[in-house]
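Hi everyone, thanks for making time.

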Amino acid sequence: MSGKTDQDDIPLADDDDTVTIISGGKTPRAAQPLPKEEPPEDPEEKARMITQVLELQNTLDDLSQRVESVKEESLKLRSENQVLGQYIQNLMASSSVFQSSQPPRPKQ
């Protein structure tokens, strides 16, 4: 019997210069670039889309400015309505035409 045991027959990672990767029998592939999502566009289509985007941006800017002006006008009108409402209440309180037709209650 030689001086080798069963453990000496098991190959170790240091015993061989080749590396074996065990990953379910598949060897890893080199990284590949991602596929392009869309085919290259023609220059006319690209120019048309850029023009459309710019038009939509201008429309959005115009609408935003319009919304701001409507908000300002609304606040102005609301304030004027409050002033007019207070004025009408003061007129009604000072006019005998709008006074209650019931006699005032005597204070106890």
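Let me start with a term: a residue counts as buried under 20% relative accessible area, as exposed over 50%, and as partly exposed in between. Take E68: with a relative accessible area of 41%, E68 falls in that middle class, so it's partly exposed. And keep in mind that what you're looking at is a predicted model.

Okay, the overall picture. The chain has 1 helix and 0 strands. Of its 108 residues, 0% are buried.

Now back to E68. Which residue does E68 pair with in a salt bridge? That's K71, with 3.9 Å from N to O. Both of them sit in helix α1, 3 residues apart, or about one turn of the helix. K71 is partly exposed too, at 48% relative accessible area.

In total, the structure has 2 salt bridges. Another one links R48 to E45, where the closest N and O atoms are 2.7 Å apart. R48 and E45 are about one helical turn apart, because 3 residues separate them in helix α1. R48 comes out at 44% relative accessibility, so it's partly exposed, and E45 at 30% is partly exposed as well.

Last stop: a nonpolar patch on the surface. It's formed by Y87, I88, L91 and M92, which together have about 390 Å² of accessible area. M92 belongs to helix α1, which covers residues 43-94. With 39% relative accessibility, M92 is partly exposed.

That's my tour, thanks!

Conventions
Residues are numbered from 1 along each chain as its sequence is written. This is a predicted model: local features need pLDDT of at least 70, side-chain atom pairs count only at pLDDT 80 or more; totals for chains, interfaces and linings use all residues. Side-chain values use heavy atoms; hydrogens and water are left out. Patches are made of residues with over 30% relative accessible area and no salt bridge: like charges are joined within 9 Å, nonpolar side chains (Val, Leu, Ile, Met, Phe, Trp, Tyr) within 5 Å. Accessible areas come from the Shrake-Rupley method with a 1.4 Å probe; for residues, only the protein chains shown count as cover. A salt bridge is a side-chain nitrogen of Lys or Arg within 4 Å of a carboxyl oxygen of Asp or Glu. Helices (H or I, at least four residues) and strands (E, at least two) are DSSP runs, numbered from the N terminus. Buried means under 20% relative accessible area, exposed over 50%, partly exposed in between (1.4 Å probe, protein chains only).
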